[in-house]
Structure formats: C-alpha cells, structure tokens
Amino acid sequence: MKHFLQQDTIVVGLVAGLGSIALLALLLTAGLFIAGEPPLAHLTWYAGCFVAPLLIMRYYIKMQKAIAAKTLMVLLFVTFIVFMFILFRTHSITLK
C-alpha cells in the first residue's frame with residue numbers, strides 16, 4: 001500500500017482524497033453515535049474532514065507529484081461544493 005501511494009497517478013489522488021474524507025466522516029459519525037447525538041444535528045462538524053486531504057495534497061505538492069496533487073485539488077473543490085450545497089439544503093447555514 002505504501003508503494004501504491006507514492007505513485008503519481010489520478011487513481012492515487014482519488015484513493016488518498018476520498019479515502020481520507022470517508023475515514024474521517026466514518027470516525028466522526030461513530031463518535032456521535034457513541035455520544036448519543038444525532039449526526040444531522042452536527043452537520044457542520046463534517047467540515048473538519050477536509051483537513052486531511054489538504055495535508056495530503058501538501059505532501060504531494062512538496063514531493064513534486066503533480067498529477068496526484070492536481071487530482072486532489074479538483075476532488076477537494078468538487079466535494080466542498082457538494083458539502084456546501086448540502087449545508088444550504090438542510091438549512092444548517094443560511095444567507096441573509
């Protein structure tokens with residue numbers, strides 16, 4: 001697995017980005033269920049899931065792996081737009 005993540009391909013960027021987002025979201029959801037809180041009541045907390053892909057993208061940029069870094073940039077942009085759409089749709093945040 002370590003050798004796989006050191007490659008400079010689109011698949012590596014997608015796996016690293018989506019995997020880290022999914023893992024953090026799963027851990028946050030499990031923590032909220034253990035605490036007895038409904039996850040939809042704390043939907044804005046899921047914004048913290050974007051920190052790990054940013055750090056992974058920084059690693060790929062420093063290692064000059066351009067394809068994986070560009071893939072992570074696009075992935076972060078698309079997932080953040082979807083996340084903001086969900087927040088507006090559920091009225092977790094509103095514009096005045």
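# Exercises on a predicted model

By the pairing rule used here, the count comes to three aromatic pairs. The rule pairs rings of Phe, Tyr and Trp (its six-membered ring) if their centres lie within 6.5 Å; planes under 30 degrees apart count as stacked, over 60 as edge-to-face and the rest as tilted. The model is predicted, and local features need pLDDT of at least 70, side-chain atom pairs count only at pLDDT 80 or more, while totals for chains, interfaces and linings use all residues. Residues are numbered from 1 along each chain as its sequence is written, and side-chain values use heavy atoms, with hydrogens and water left out.

## Exercise 1

Task: classify the pair Phe 50 and Phe 83, and state what the pair ties together.

Solution. 
1. A pair of aromatic rings is described by the distance of the centres and the angle of the planes.
2. For Phe 50 and Phe 83 the values are 5.5 Å centre to centre and 65° between the planes, which makes the pair edge-to-face.
3. Phe 50 lies in the loop between helix 2 and helix 3 and Phe 83 lies in helix 4, so the pair ties together parts that are 33 residues apart in sequence. Helices here are DSSP runs (H or I, at least four residues), as are strands (E, at least two), numbered from the N terminus.
4. Phe 50 is buried, with a relative accessible area of 10%, and Phe 83 is buried, with 11%. Buried means under 20% relative accessible area, exposed over 50%, partly exposed in between (1.4 Å probe, protein chains only).
5. Phe 50 and Phe 83 form one aromatic cluster with Phe 80.

## Exercise 2

Task: check the length of helix 2 and list its buried residues.

Solution. 
1. The expected span of a helix is 1.5 Å times one less than its number of residues.
2. Helix 2 has 26 residues and should therefore span 38 Å; its end C-alpha atoms are 37 Å apart, which agrees.
3. The buried residues of helix 2 are Val 12, Gly 13, Ala 16, Gly 17, Ser 20, Ile 21 and Leu 32.
4. Their cover includes helix 1 (2-5), helix 3 and helix 4.
5. After helix 2 comes Gly 36, with a positive phi near 80°.

## Exercise 3

Solution. 

## Exercise 4

Task: find where Gln 64 and His 91 lie, given that each has a positive phi and is not a glycine.

Solution. 
1. Most residues other than glycine have a negative phi.
2. Gln 64 has a phi of about 55° and sits in the loop between helix 3 (51-62) and helix 4. Gln 64 is exposed, with a relative accessible area of 71%.
3. His 91 has a phi near 60° and belongs to the segment after helix 4. His 91 is exposed, at 62%.

Technical notes:
Contact = heavy atoms within 4.5 Å.
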